[in-house]
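Hi everyone, and thanks for coming. I'd like to walk you through one structure today, so please take a look at it with me.

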Amino acid sequence: MSCSDPNEAASRVEPRWGPSKAALVDLERTFTFRNSKQTYSGIPIIVANMDTVGTFEMAVVMSQHSMFTAIHKHYTLDDWKLFAANHPECLQHVAVSSGSGKDDLEKMSNILEAVPQVKFICLDVANGYSEHFVEFVKLVRSRFPEHTIMAGNVVTGEMVEELILSGADIIKVGVGPGSVCTTRTKTGVGYPQLSAVIECADSAHGLKGHIISDGGCTCPGDVAKAFGAGADFVMLGGMFSGHTECAGEVIERNGQKLKLFYGMSSETAMKKHSGGVAEYRAPEGKTVEVPYKGDVENTILDILGGLRSTCTYVGAAKLKELSRRATFIRVTQQHNTVFS
């Protein structure tokens, strides 16, 4: 990714090494969503709704930075009530997650009735290309006309348009790029994430909809590229794994502290939540042990600092301007690895 106009960049924002550094870059966005008509303001980075990272503990810290958390769907109604009572200030920055089954809908409805301050719904399935999912989105929209609906995952403009016209506001884009996703090797199905974001953003914005780039980021520079490609939100799982706020105990092995991180279609997740892997299918996620990273605050500051610096390099005074200031160039390697 490069600056599209160096002269204009220099005139708008002081360079990274200037007196202000990146402090003046505005990372907050304000969106009004097509179908819910709801307006949201915040830094549009979302913690993925995976049960290791999409936790209430994570949401507390993220909300302090006006960032968002898609809470995983395995918390109980009582868990939600307790969270709402103890942390009402966080509720504008969280979404209730749900699959597309009858039980999922009932549980989500009970949570939204008990905690009406939550206005975001995350409808999450591995494969958004089905009539059943489209009909489910329509059903949820009819039941919750004023809630903002995130729905996915898909990777093509046509399906983005279909879901928006069916009632979704924000489409989750990504099949196969996640750090613990094995869909591409198990099934041969997937789509290059950068291309998917560029194409899907164009389709969504034509309908006044929005997209989330979900998966594929390994460092703050990747987050910046997702925004540069046109994503309105960026969802992260692996980058937020291994922290104190993540679910699971710290494991000590050979003098190293570790935490488990696994895909929601992995054997680990299926055993935990469904009693095991059904005979007719294969798991499409892996389980890994990641180094324990301590409090997530440091990772948040690293991501936000990198993103602000990106904006100064390409001459964007606001995150909103980044996609208009960025140009992409095909390369054979991203960075110098001689000392890796």
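Let's begin at Ala 151, which sits in strand 8, residues 148–154. Helices (H or I, at least four residues) and strands (E, at least two) are DSSP runs, numbered from the N terminus. Before I go on, a word on the source: this is a predicted model, where local features need pLDDT of at least 70 and side-chain atom pairs count only at pLDDT 80 or more, while totals for chains, interfaces and linings use all residues. Residues are numbered from 1 along each chain as its sequence is written, and side-chain values use heavy atoms, with hydrogens and water left out.

Back to Ala 151: is this residue buried or exposed? Ala 151 counts as buried because its relative accessible area is 0%; the cut-offs are under 20% for buried, over 50% for exposed, and partly exposed in between, with a 1.4 Å probe and protein chains only. Ile 121 is 30 residues away from Ala 151 in sequence, and their C-alpha atoms are 8.3 Å apart in space.

Now, the barrel. Eight strands close up in the order 4-5-6-7-8-9-10-11, with parallel pairing; two strands pair if DSSP finds at least two bridges between them. From one strand to the next, the twist averages 25 degrees, with axes as lines fitted to C-alpha atoms (for helices over the stretch in contact) and angles running from 0 to 180 degrees between N-to-C directions. Strand 4 (residues 45–47) meets strand 11 (residues 233–236) in the parallel sense, over three bridges. There, Ile 45 stands opposite Val 234 of strand 11.

How many bridges join strand 12 to strand 13? Three, and the two strands run antiparallel. Arg 253 has Gln 256 of strand 13 as its bridge partner. The hairpin of these two strands has two residues between them, and Asn 254 takes a positive phi near 55 degrees there. Leu 258 is partnered with Pro 291 in strand 14, and Leu 260 stands opposite Glu 289.

Helix 9 (residues 220–228) is mostly covered, with seven of its nine residues buried, including Val 223 and Phe 227. Just after helix 9 comes Gly 230, with a positive phi of about 115 degrees.

Helix 11 covers residues 297–314, 18 residues in total, and reaches 26 Å from first C-alpha to last, close to the 26 Å expected at 1.5 Å a residue; the expected span is 1.5 Å times one less than the number of residues. Among its buried residues are Ile 300, Ile 303, Leu 304 and Leu 307. An α-helix has 3.6 residues a turn, so residues three or four places apart point the same way. Gly 315 follows helix 11, and its phi is positive, near 80 degrees.

Let me finish with Met 1, in the segment before strand 1 (2–3). Met 1 counts as partly exposed because its relative accessible area is 33%.
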